[in-house]
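Here is a short briefing on a protein model. Look over the sequence and the fold before reading on.

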Amino acid sequence: MDAHRTARLVEAVLRCYPARWRRRHGEEAAELAALLIRDGIPASSIALSYLAGAAREWLTPRPGRHLTVVACALLVAACSLGVSAGLLASAGPARASTSQARGRAHCRPDLLEPVPGATPAKGDPQLIIWEAGHDRSC
Amino acid sequence: MSRRDGRAGRDVLRRVGEASVLILISLAGGPKHGYALIQDIKELAEIELGPGTLYGALDRLERLGLIESLPAENRRHPYRITAPGAAALRVHLDSLERVSAAGRLRLRLSGI
């Protein structure tokens, strides 16, 4: 990556910080990035570090910052998590009912043979040991 | 007194993160600006602090009153450790030393 593009990348990432931070550290941060790049540190890792720093800067509640900004960021994150969880939950019962139906069909006593030698309990089919290839009571 | 408070006073650096402690250790050797801090910490601890991490830690330490910004030289802001910062660093290093000694003793006793 040439120097011009690198500078533009760093400049773009630094724009992600709040204005207050840019006023205080902006120029020094750009100069620091240039020095680190000169030392051989990849521009992408510097940009990534600044990006993570900007996210932390926005998400850290400060006395002068409206709590609503932080709350909105958290709300967006929570919503995206909620949608994912909702999708998983809606897929879950379908899978569960399929496996239940399969389980029921597998456990039908009329389709199964008693284990030779096992004593069938009278009036309580749940206690009968069926040769069903599993150890669940049906 | 809870364990968190420590024997020689409250260890305020317990939860600030490794980067902040390294910055304080570096500044204990004299005032430095961002680039000099990164270079010094790399030499001191063989850890390369990312610039984003550096500025986050500097702001946090300044808010806590453990470091202070000096007048800018060109575009660079040097920082220096404050008296409360030096005291907090001393408490934290004492605490680390106690834990380290206990760890070494246990290793020796268990013969690992």
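Which residue with a positive phi follows α3(B)? B:G65 does, with a phi near 75°. This is a predicted model: local features need pLDDT of at least 70, side-chain atom pairs count only at pLDDT 80 or more, and totals for chains, interfaces and linings use all residues. Residues are numbered from 1 along each chain as its sequence is written, while chains are lettered from A and ligands numbered from 1 in the order in which they are written.

**Chain B layout**

- Chain B has four helices and two strands. Helices (H or I, at least four residues) and strands (E, at least two) are DSSP runs, numbered from the N terminus.
- Along the sequence, the pattern is α-α-α-β-β-α.
- Of the 112 residues in chain B, 31% are buried. Buried means that 20 or more other C-beta atoms lie within 10 Å of the residue's own, with C-beta atoms placed from the backbone.
- Take the contacts in chain B between residues at least 6 apart in sequence: 52% of them join residues at least 24 apart. Two residues are in contact if their C-beta atoms, placed from the backbone, lie within 7 Å.

**Helix α3(B)**

- α3(B) has 13 residues, and at 1.5 Å a residue these should span 18 Å. The expected span is 1.5 Å times one less than the number of residues. The end C-alpha atoms are 18 Å apart, which agrees.
- Buried residues of α3(B) include B:P51, B:G52, B:T53 and B:L54. B:L58 and B:L61 are also among them.
- These buried residues pack against α2 and α3 of chain A, and against α1, α2, β1 (67-69) and β2 of chain B.
- Beyond its neighbours within four places in sequence, B:L54 contacts B:G34, B:L37, B:I38 and B:L49.

**Nonpolar core**

- The largest nonpolar core has 35 residues. Such a core is a set of buried Ala, Val, Leu, Ile, Met, Phe, Trp, Tyr and Cys residues joined through C-beta atoms within 7 Å.
- B:I23, B:L24, B:L54, B:L58, B:L61 and B:I67 touch the most other members.
- Elements giving two or more residues to this core include α1 (3-14) of chain A and α4 (83-110) of chain B.
- α1(B) gives the most, with six residues.

**Contact between the chains**

- Chain A puts 16 residues into the contact, and chain B puts in eleven residues.
- On chain A, α2 (19-38) and α3 (43-59) each supply at least two residues. The largest share of that side, nine residues, comes from α2(A).

Definitions and conventions
A residue is buried if 20 or more other C-beta atoms lie within 10 Å of its own, exposed if 12 or fewer, and partly exposed in between; C-beta atoms are placed from the backbone.
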